[in-house]
Structures are given as C-alpha cells and as structure tokens.
Amino acid sequence: MRINSLQLFQFRNYQSIDIELNPEIVVLYGTNGAGKTNILESIYVGTIGKSHRTNDTSDMLMFNANESGIIVNFEKKDTPQKVNIKLFRQGSKDIRLNDMKISQKELIGTLNTVIFCPEDLQLIKGSPSGRRRFLDMEISQTSATYYHQLLQYNRLLQQRNTLLKEYRGKQNIPLDEWDIQLADMASFLVKKRLESLKKINLLIDLMNRKLTGGLENLTIGYEQTYGEEGNIIYKKEDFYDLLKQNLPQDRHRLTTSVGPHRDDLRFFSDAIDLKKFGSQGQQRTAVLSLKLSELEFIKSEVGEYPVLLLDDVLSELDELRRTNLLQFIHKRIQTVITTTDIHDFKNLPGVQFIHCQEGRIQYG
C-alpha cells in the first residue's frame, strides 16, 4: 500500500497544497508549529474519518473557513483509489471513496495506516482506555465486522447507563433486553480481541527480540477486573450472568461495571509487569515493538504493509532504537516522518525531503 499524493484545502494552516509522495520515506521537516503534524493528521483522517488529535471537527478547519477538504490518492494491491473528505464547521462530514459517498464506518479499512506519536510512548504507563483504543483500532482496520459491533456495543452501553440514571432509586429497571444484547456483543468483541492478541503476541515478541538482541521476551496479557482471577470471561452466557450479579453495584454507581469497555492490556518482559516495574527504556522498547508488530499484524490480515506515520518520535528514542526502526522500515514500508532535525536521514537512500514553513511546502 502506498500514498501517491495528498491535497489539502483550508485544512489547519494550509490554504491549498498538493503533495506528491515518495513511495519509500518522506521526511517532513521544519520548525515547531510549521504544520508538519497537520499533514500527518490529514492522512490519518483519510484513514478513519476523524483526527487522532481532536474530537472537534472545527479544530481542523483553517481560521474563519466554513469548510475544509482532504484528498488522498493511493494504491491498494496495485489498484488506484481515492478518498475525498469534506469537513464542515456546521454539519456532517462528506466522505467519498472513488467519488461514491460512503459512511465513516465504511471508510475504516480502506486506507490502512499506523501512526506513532510521542503520546504513544505513554501507552504502557497510561490509562486503560488508551490501550483499549489502540487494540480496537488495530482490529477495526482489518475487520469491518468488529468495528460495526464495537459501535453497536458502545451505543447499547450508553443506553443502558442512561436507564440506570433515569431509574435511579426505583426498584425495577427494565434492563433485560439491553443485557441480552450487550452480553452477545461483549462475547464477540472479547473473542476477537483474544484471537488477535494471539497473533500480536507472536509478532511483538519477535520484534522485541530484534530490538534487544534476543535478551528479553515480551508478551501482552488480557485483563478483566470482574469475574474470577485468571479466568477470562468470553461466553455470552457468562457476561449475561455477571451483568445480573453486578446490577446492585451498577445501580449505585449509575454505570455498567462488566464488559469489554472495562478490560485492559498488561505488558510483560519475561515475568516483569512493565507498567509497575519496567524501566523507561524497557517501556519504550515495548511500545516500539508494539508499533512494529502492528505493521506486521495488518500485513498478515490484509496482505500488504500499511503506510507508517511517525510524528516526531525519533527524537524521543535513543540512537540504537532509531537505527533499528529505520532499518526495519527502509525499502519495506512507505513512511511519512515529521522532524525538526534531518540528520538521521541524510545518508539514507530513497528519502524525499519536504520543508514545511508557515502553511507552505518546498521539496528538497
């Protein structure tokens, strides 16, 4: 998979630009605030229909503009395709694939990308929601069914929580219909997560061994705070029973305490829990291994590597990790990198340099 060109209209600080992209490594360089990350963001919007930086669409529009446009021309399995997205300050997005209007959920999985930002280095130490979001988006890019079920589950969950609040203090709450559906969808989501984690664990351990010279094993565990310790709940009958058992707690807290929205991932280097006891270097190596395994996972599912988006992460990695990362992607994966320092790329063949400055770009 490769992106051939990107056009932006009134997006962030870009009035109008048209970029032709190298099939290997594209380095976007310039001072902080020049708009490098805005270009990566626009590509990511072309991937899932929304930003990784904001939930407010109007944030992506140029100041005083009422609409914005993103066009991504790319090749998937050697077939030319085009994603055209219009963003509006008021109203819904207009998303088109090859000039045919589609929904945001239909866009997922069309253009596959993996994005690596400085915030991702906090993935292990950060909140469970960030780890769930990572796993959900990785699976969603390769399974439209999973993404659809995830959306349905979140809608039902919201409706169940609304009922808990509406019937606060009352004896009988009509939850059975919601619990049956939630249990069924929870079972599907957890089974798919566990199935995907089996593949990811093989890949992440391989990547971690490459980065550490074979000195450390790395595995990801799946964790649930409900049910019996060490026993992962994945059957719909068990989810249904737990929803009933935890109803008194849910009535008190006015929220649903059982389900995949509460689950978490744990990272282990051999027997060491990296969140609790891992060094900063171990944690960063684990996250880098996770991102590299994400590339391999998507390739194993869809048949080709996704496009890699690196947002100023090389400056956060030491020289060995930078070298290992660049060696892995070189001549293998189309990669778009933002940086303030092009030193690491000067001796790398096949690199395209694009200078970003005040809403303009210049090649070379």
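Because the model is predicted, local features need a pLDDT of at least 70 and side-chain atom pairs count only at pLDDT 80 or more, while totals for chains, interfaces and linings use all residues. Residues are numbered from 1 along each chain as its sequence is written, and side-chain values use heavy atoms, with hydrogens and water left out.

Rolling a probe the size of a water molecule over the atoms shows where empty space is left. On a 1 Å grid over the protein atoms alone, a cavity is a set of points where a 1.4 Å probe fits but cannot get out, whereas a pocket is an open set with protein on both sides within 12 Å along at least five of seven lines, and a lining residue has an atom within 4 Å of a point. Grid points are joined across faces, edges and corners, and the volume is the space filled by probe spheres set on those points. Taken this way, the largest pocket holds about 950 Å³ of space. Its lining comprises 38 residues, of which Ser-129, Gly-130, Arg-133, Phe-134 and Met-137 are the closest to the centre. Two or more lining residues come from each of helix H1 (36-48), strand S8 (113-116), helix H3 (128-140), helix H4 (144-166), helix H5 (176-212) and helix H9 (280-302), where helices (H or I, at least four residues) and strands (E, at least two) are DSSP runs numbered from the N terminus. H3 gives the largest share, eight residues.

Among the buried residues of H1 are Lys-36 and Glu-41, along with Ile-39, Leu-40 and Ile-43. After H1 comes Gly-49, whose phi is positive, near 85 degrees.

A disulfide is a pair of cysteine sulfur atoms within 2.5 Å, and a search of the whole structure finds zero of them. Cys-117 is in no disulfide, the nearest cysteine sulfur being that of Cys-356, 16 Å away, which is too far for a bond. Cys-117 counts as buried at 3% relative accessibility, and Cys-356 counts as buried at 1%.

Side chains of opposite charge can pair when their charged atoms come close. With a salt bridge taken as a side-chain nitrogen of Lys or Arg within 4 Å of a carboxyl oxygen of Asp or Glu, the count comes to 21. In one of these, the closest N and O atoms of Asp-99 and Lys-82 are 3.3 Å apart; this pair links distant parts of the chain, with Asp-99 in the loop between strand S6 (94-97) and strand S7 (100-102) and Lys-82 in strand S5 (residues 79-88), 17 residues apart. Asp-99 counts as exposed at 54% relative accessibility, whereas Lys-82 is partly exposed at 24%.

Lys-244 forms a salt bridge with Asp-176, with 3.1 Å between the closest N and O atoms. Because Lys-244 lies in helix H6 (residues 236-245) and Asp-176 in helix H5, the pair ties together parts that are 68 residues apart in sequence. A further salt bridge joins Asp-318 and Arg-321, whose closest N and O atoms are 2.2 Å apart; Asp-318 is partly exposed at 36% relative accessibility, while Arg-321 is buried at 16%. Salt bridges that share partners also join Arg-160, Asp-176, Asp-179, Lys-244 and Asp-250 into one network.

Finally, rings of Phe, Tyr and Trp (its six-membered ring) pair if their centres lie within 6.5 Å, and planes under 30 degrees apart count as stacked, over 60 as edge-to-face and the rest as tilted. There are three aromatic pairs by this rule. Tyr-29 and Phe-353 form an edge-to-face pair, 6.4 Å centre to centre with 80 degrees between the planes. Tyr-29 lies in strand S3 (residues 25-29) and Phe-353 in strand S14 (residues 351-357), so the pair ties together parts that are 324 residues apart in sequence, and both residues, Tyr-29 and Phe-353, are buried.

Note on methods: Buried < 20%, exposed > 50% of the residue type's maximum accessible area, 1.4 Å probe, protein only.
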